[in-house]
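Student: I have a model open and want to go through it. Can you start with the terms, then the ligand?

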Amino acid sequence: MNEKLSLLEVESLADLISAETEQQRLLGIDGLSGKLRVVVDEWREKLMAALVHVECDLDFSDEEEVREYDGDYVVGVCRSVCDSITEWLGHKNRGPLLRDGFTILISGPPNAGKSTLLNELARRDVAIISELPGTTRDLLEVHLDLQGYFVNLVDSAGVRETADQIESIGIDKAFARGKEADLILWLCDHRERLQPPQAFAGRPIWRVFTKCDTQSFDGAIDSCSPDDCAALHISARTGLNIRELLDRLAAFVASNLAGHGDVIAINERQSIALESAREALRQVAEGIRYPEVVAAKLQEAVFEMQFIIGRVAAEEVLDQVFSRFCIGK
Ligand SMILES: Nc1nc2c(ncn2[C@@H]2O[C@H](COP(=O)(O)OP(=O)(O)O)[C@@H](O)[C@H]2O)c(=O)[nH]1
Ligand SMILES: [Mg+2]
């Protein structure tokens with residue numbers, strides 16, 4: 001309200017205040033740098049200039065001073081802004097993933113050691129561990145700071161055919177969560193080597209063989225298929241490869257959330273506004289020729305830019321027309 005901070009900066013300040021991990025803190029700092037503000041201002045100015053050009057043609061084309069309408073120029077502006085919005089939207093998941101966390105689902109057959117691994121990684125007793133299969137039914141979620149990244153680690157009911165109604169609801173919940181998870185760890189006893197279920201097809205999934213401290217495990221990885229060899233062999237009991245698992249997870253999360261050049265992470269509100277601006281501009285770029293409609297689409301896009309910054313002023317178009325040309329004076 002006092003023009004000290006734009007809405008963008010206020011949002012970043014909120015990110016900074018609520019940051020729990022180093023990467024979340026950097027997200028807030030990055031936002032406060034004002035990089036997005038500069039880019040949005042640039043887009044807005046280009047679009048305003050094009051809009052002024054179209055409006056002049058519509059309302060004041062009989063005035064001597066006004067340039068002849070140049071459709072190629074207007075389409076060119078729309079295309080170039082469209083392209084750079086697309087570049088920013090290409091990384092639109094990064095902000096939400098940094099802010100709300102990268103979700104890793106622990107799944108596998110009953111008794112694979114899923115809850116044991118969750119407790120081990122969380123370093124506290126979150127889940128009940130028991131040799132009775134079917135102990136975990138609800139989804140159990142813990143938040144981890146994984147080398148600076150905010151991670152939601154979710155334990156779930158073991159996957160099996162069951163007549164138990166409640167257990168079966170738990171398995172459905174696990175499948176549903178798997179469809180949204182950013183990574184699934186498919187755990188199973190190294191003596192069983194079960195394949196993940198069809199429900200997880202197409203999702204990023206890592207196979208993890210557990211209980212590699214048991215007698216029958218002789219490190220005989222040579223006897224397994226190439227696919228199995230790539231899987232990680234762990235033991236929550238002895239700590240075998242737990243560090244390695246954590247390092248691989250951190251590297252995977254980091255590679256998914258790495259920054260891209262000058263493009264900083266945007267939030268959902270910003271990406272929705274950018275998407276509608278892009279849609280309006282795409283229509284102009286792809287063929288709308290009626291100046292009235294072009295003007296309306298440009299106005300929409302300009303409105304979205306102002307909405308992103310948190311400044312919405314409808315009078316601005318006419319102000320610019322009157323300040324650039326001696327019309328109506
Ligand atoms: N030997 C051995 N036993 C384990 C290991 N991890 C878990 N267990 C045991 O396996 C059983 C099932 O573990 P749990 O974590 O409840 O499995 P879940 O059903 O997949 O959640 C328990 O009796 C655990 O003590 C391990 O690394 N080595
Ligand atoms: Mg369990």
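Tutor: A polar contact here is a pair of N or O atoms within 3.5 Å; within protein, one must be able to donate a hydrogen and the other to accept it, and residues adjacent in sequence count only if both atoms are side-chain atoms. This is a predicted model, where local features need pLDDT of at least 70, side-chain atom pairs count only at pLDDT 80 or more, and totals for chains, interfaces and linings use all residues. Residues are numbered from 1 along each chain as its sequence is written, chains are lettered from A and ligands numbered from 1 in the order in which they are written, and side-chain values use heavy atoms, with hydrogens and water left out.

Student: What does a backbone N or O atom of alanine 112 do with ligand 1?

Tutor: That backbone atom of alanine 112 lies 3.1 Å from an oxygen atom of ligand 1. For alanine 236, a polar backbone atom is 2.9 Å from an oxygen atom of the ligand. Lysine 211 uses its side chain: an N or O atom there is 3.0 Å from a ligand oxygen atom.

Student: How much of ligand 1 does the protein bury?

Tutor: The protein buries 88% of the 580 Å² that ligand 1 exposes when taken alone. Those areas come from the Shrake-Rupley method with a 1.4 Å probe; for residues, only the protein chains shown count as cover.

Student: How many residues surround ligand 1?

Tutor: There are 16, and the closest are Asn111, Lys114, Thr116, Asp213 and Ala236. A residue counts as near if one of its heavy atoms lies within 4 Å of the molecule.

Student: And how does that shell divide into nonpolar, polar and charged?

Tutor: Four residues of the shell are nonpolar, seven polar and five charged. Ala, Val, Leu, Ile, Met, Phe, Trp, Tyr, Cys and Pro count as nonpolar, Asp, Glu, Lys and Arg as charged, and the others, Gly among them, as polar.

Student: New topic. Where is glutamine 270?

Tutor: Glutamine 270 lies in helix α10, residues 268-285. Helices (H or I, at least four residues) and strands (E, at least two) are DSSP runs, numbered from the N terminus. The side chain of glutamine 270 makes a polar contact of 2.8 Å with the side chain of glutamate 11.

Student: Is glutamine 270 buried or exposed?

Tutor: Glutamine 270 counts as buried because its relative accessibility is 5%. Buried means under 20% relative accessible area, exposed over 50%, and partly exposed in between (1.4 Å probe, protein chains only).

Student: Which residue other than glycine has a positive phi near 50°?

Tutor: Arginine 193 does, in the loop between β4 (183-189) and β5 (205-210). Arginine 193 is partly exposed, at 24%. Asparagine 241 also has a positive phi, near 60°; its place is the loop between β6 (232-233) and α9 (242-257), and at 29% it is partly exposed. Most residues other than glycine have a negative phi.
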